[in-house]
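Good morning. I will walk through one structure today, starting with a sheet, then the helices, and ending with a few single residues.

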Amino acid sequence: MNRHALEKLKSWKNHPFRKPLLLMGARQVGKTWLMQEFGRKHFKSVAYIRFDNSERARRSFSTDFDIPRLLETISIEGKCTVEPQNTLIILDEIQECPAALTSLKYFCEEAREYAIIAAGSLLGVADHVGTGFPVGKVDRLNLYPMSYCEFLEATGEERLATLLQKRDWSMIAHFEDLYIRHLRTYLYVGGMPGVVQIYASLRNYEEVRQAQLNLLRDYREDFSKHAPSESQPKMNMVLDSIPEQLAKENKRFVYNEVYAGARRKPLEIPLRWLQDAGLIHPVPRIKKPALPMSTYWESGISKVYFLDVGLLSAASGLEAGTLLDDNEIFGEFKGALAEQFVQQELRTTCELSPCYWASEKKTPKQRLISSARSKETSSPLRSKAEKAYVPAAYWSTASASSRATPSAHPCTPTQKALSPSSRRCIRTLTARSRNYPCTPSLSYLPS
């Protein structure tokens, strides 16, 4: 299995002003595997400490923040000699030891030559923000479920994934039927690494579905450990309502569809807890597609999506048999899976946080708008049940010198260049690089 985040970790390792890294992400998105695989490939040794099963480690970090003493503890617990630049220190399940989270500040200030990655439950880490949290002393990396390209690589379709990454439009159009078939499978399986591994090994949809349902149950048990007891019933009802609300193509998340008589205020805390746990992704609505987008957000109005498209299909009760029908998988949910997929790819592949605009007319017009805030870029994308497209004329960037136009943008093929069948496609935004300059480009994923 390959995760593209490994390249981001390599960049972090080689950065001259590297800080301890806090790897953020929901449970079971592959944080532990990613840290260990990165250490195995790029360091001579790895000192791995897991705080949820080591009382001795928790006690040692809670004593004081003397760096030499902590390094000795790490060497003993991690069963290796810790050497600057040569050893990766992994502090896993760090939410179980708030003092270890605080210690990252002192490692940053006094021992930055040591490579340290800390990870834990998003919800647990959020509990400690403001109480010894190392503000400004850590780098961050968000990890999401596996993208469509990563799914292709994990299931033995590396060549198809390579064509997408190279943006070889003619070859992509030639193998359109394969991309469609694998995309339908991805909409069912999703990108949770453990689930993908089961599918890649067994090719058994019943096993896949059981693993997804187990994950959903585990998530509910996990947030029940942290969330206030009075909010837990509402959190469960919010999760239960999301598939139904997406299937109705609502222009917003409707509070009174969670339960009869529900209002925004009582659901704010449950929604915040679910968002902090990484289980949902609210996408805010904007009054108009203009920059900076944050100034046009409509307060309290958003659409709410799942962490993963496969978990959405599991929560919706999608049967594996629908994969055999060319249209049913899209028709049954009227675009819910397509919307979920597009916004998930924007986050996973492009590191963008989308928002959306919707017309209030009887015939709803909705567009996902992705905004790379640090680059002042907006890119409207219209999502439908069977296709989504990015109008080339909508590209805009803050810099006039780098402005993308339909005629000048090197990665915007014309409709004439595509076969009639390949016009039915999802164009998923990908960013060439997080480094400047950042001009959006297009990758074609057949729907």
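The sheet comes first: it is open, has 5 strands in the order β2-β3-β4-β1-β5, and its pairing is parallel. Please keep in mind that this is a predicted model. The edges of the sheet are β2, residues 45-50, and β5, residues 139-142, and each of these pairs on one side only. From one strand to the next, the twist averages 20°.

Strand β3, residues 87-92, and strand β4, residues 115-119, are joined in the parallel sense by 4 bridges. If you want a residue to look for, find I89, whose bridge partner in β4 is I116.

Now to what lies on the sheet. Helix α2, residues 31-42, lies across β1, β2, β3 and β4, and runs at about 170° to β3. Helix α4 also packs on the sheet, where it touches β2 and β3. The direction of α4 makes about 95° with that of β2.

Next, helix pairs. Two packed helices are described by the angle between their axes and the distance between the axes. For helix α4, residues 67-78, and helix α5, residues 98-110, the axes come within 11 Å and cross at roughly 110°. Angles of 65 to 115 degrees count as roughly perpendicular, and α4 and α5 are therefore roughly perpendicular to each other. Their crossing is left-handed. On the α4 side, the contact is made by I67, L70, L71 and I74; on the α5 side, by S103, Y106, F107 and E110. Sorted by type, the residues of this contact are 6 nonpolar, 1 polar and 1 charged.

The second pair is helix α10, residues 176-189, with helix α12, residues 205-226. Their axes come within 10 Å and cross at roughly 40°, and α10 and α12 are therefore oblique to each other. From α10, the contact uses T185, Y188 and V189. From α12, it uses Y205, V208, R209 and Q212. Here the division is 4 nonpolar, 2 polar and 1 charged.

On to charges. Side chains of opposite charge can pair when their charged atoms come close. How many salt bridges does the structure hold? It holds 21. One example is K10 with E7, where the closest N and O atoms are 3.8 Å apart. K10 and E7 are 3 residues apart in helix α1, residues 5-14, so about one helical turn separates them.

Finally, two points on the backbone. The peptide bond from L291 to P292 is cis, with omega near -10°. P292 is found in the loop between β6, residues 280-286, and β7, residues 297-306. The other point is R167, a residue other than glycine with a positive phi, near 60°. R167 is found in the loop between α8, residues 158-166, and α9, residues 169-174.

That is the end of the tour. Thank you.

Definitions and conventions. Residues are numbered from 1 along each chain as its sequence is written. This is a predicted model: local features need pLDDT of at least 70, side-chain atom pairs count only at pLDDT 80 or more; totals for chains, interfaces and linings use all residues. Side-chain values use heavy atoms; hydrogens and water are left out. Axes are lines fitted to C-alpha atoms, for helices over the stretch in contact, and angles run from 0 to 180 degrees between N-to-C directions. Helices (H or I, at least four residues) and strands (E, at least two) are DSSP runs, numbered from the N terminus. Angles under 35 degrees count as roughly parallel, over 145 as roughly antiparallel, 65 to 115 as roughly perpendicular and the rest as oblique. A crossing is left-handed if the near helix is turned anticlockwise from the far one by less than a right angle, and right-handed if clockwise. Contact means heavy atoms within 4.5 Å. Ala, Val, Leu, Ile, Met, Phe, Trp, Tyr, Cys and Pro count as nonpolar, Asp, Glu, Lys and Arg as charged, and the others, Gly among them, as polar. Two strands pair if DSSP finds at least two bridges between them. A salt bridge is a side-chain nitrogen of Lys or Arg within 4 Å of a carboxyl oxygen of Asp or Glu.
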